[in-house]
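Hi everyone, thanks for coming.

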Amino acid sequence: MDLIQRSRRLRTTPVLRKMVRETRMDASSLIYPMFVKEGKGIKEEIPTMPGQFRYSVDELPKALEEVAAAGVPSVMLFGIPDHKDACGSNAWAEDGIVQKALRKAKEAVPELYYIADTCMCEYTSHGHCGILDGQYVDNDKTLEHLAKIALSQVQAGADMIAPSDMMDGRIKAIRTMLDQNGHVTVPIMSYAAKYASAFYGPFRDAAGSAPSFGDRKSYQMDYHNRKEALKEIHQDIEEGADIIMVKPALSYLDIIREAADVIDRPIAAYSVSGEYAMIKAAAKAGYMDEDSIICETATSIYRAGTDILLTYYAKEIARFIQEGRIG
Ligand code: PBG
């Protein structure tokens, strides 16, 4: 056969295949999300997310040490309070659950980098991400609370703030509050393109944060939209976001790619609870090999252009990278 082009030539050996890989990964770009709750001696498995746990503050250091030992440099903390009310007051309380967790974590495992998710839905009795005016989440009233929450998280030791509420103007409100209080070096990673997604289902069970009525479609994005994601991202950058996030990841690889092509800021992607739960369930049923699926899905998100990956599989991915299986 007189073939000039033989693509298989570069696929002949493992060394060569690795040499010509187009996507390179590094565990330094992984962030591991974790759940903290009130109580003592608690490490309870989350039924909708097998292999993931809710920890009480005293149990957190052991778990954080495992994260650090796995080579994952950073965690994102979510608080599950005992007490919820209409305005989510535990979210900014000095002895709020996330504030206590941050102080403990910084002291016990200072080598990790701590990111606080800034939102209200885990703290409000109605489960919405802000302050209600009737059935509607009042945007501007919510901003004051978000700024207060972010400041209290930084005061408790958060290295970075990640607002996930999708109110308009929250980056500006938070940046202003942090700067006025002297925290000019604390970066903001904005959940800029966050879609109203059923993939958050397992998380809402984990955090008890499902809305008690209605849904989040009046603040999170409609998944039919692509240009709107860029608008949200540009707006958040203008307001002072340092890193922008696309969420979820797997059904939104096109959005990640588009952002990576045109945005001059680091891009993060959040592979959310439903993505994790789907893989777990399929693996448990024996339909697919879990490790292979973790490798393939994680690589696809980096290939789409993300710089940073938030994932419940962070420890496994770090190991696969270290073993040379991917990356
Ligand atoms: C809080 C928040 C949610 C997630 C991250 N921050 C839930 C939601 O918006 O309903 C979802 C994370 C996941 O599903 O893994 N607003």
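So, helix 7, residues 227-239, packs against helix 8, residues 253-262, at an angle of about 45°, and their axes are 10 Å apart. Axes here are lines fitted to C-alpha atoms over the stretch in contact, with angles from 0 to 180 degrees between N-to-C directions; helices are DSSP runs of H or I, at least four residues, and strands are E runs of at least two, numbered from the N terminus. The two helices are therefore oblique to each other (under 35 degrees is roughly parallel, over 145 roughly antiparallel, 65 to 115 roughly perpendicular, the rest oblique). Who makes the contact, meaning heavy atoms within 4.5 Å? Helix 7 brings Ala229, Leu230 and Ile233, and helix 8 brings Ile255, Glu258, Ala259 and Val262.

Quick housekeeping: this is a predicted model, where local features need pLDDT of at least 70 and side-chain atom pairs pLDDT 80 or more, while totals for chains, interfaces and linings use all residues. Residues are numbered from 1 along each chain as its sequence is written, and side-chain values use heavy atoms, without hydrogens and water.

Now the pockets: open sets of points on a 1 Å grid over the protein atoms alone, where a 1.4 Å probe fits, with protein on both sides within 12 Å along at least five of seven lines; lining residues have an atom within 4 Å of a point. The lining of the largest one includes Arg21, Glu22, Cys295 and Arg325.

Terms used: Contact = heavy atoms within 4.5 Å.
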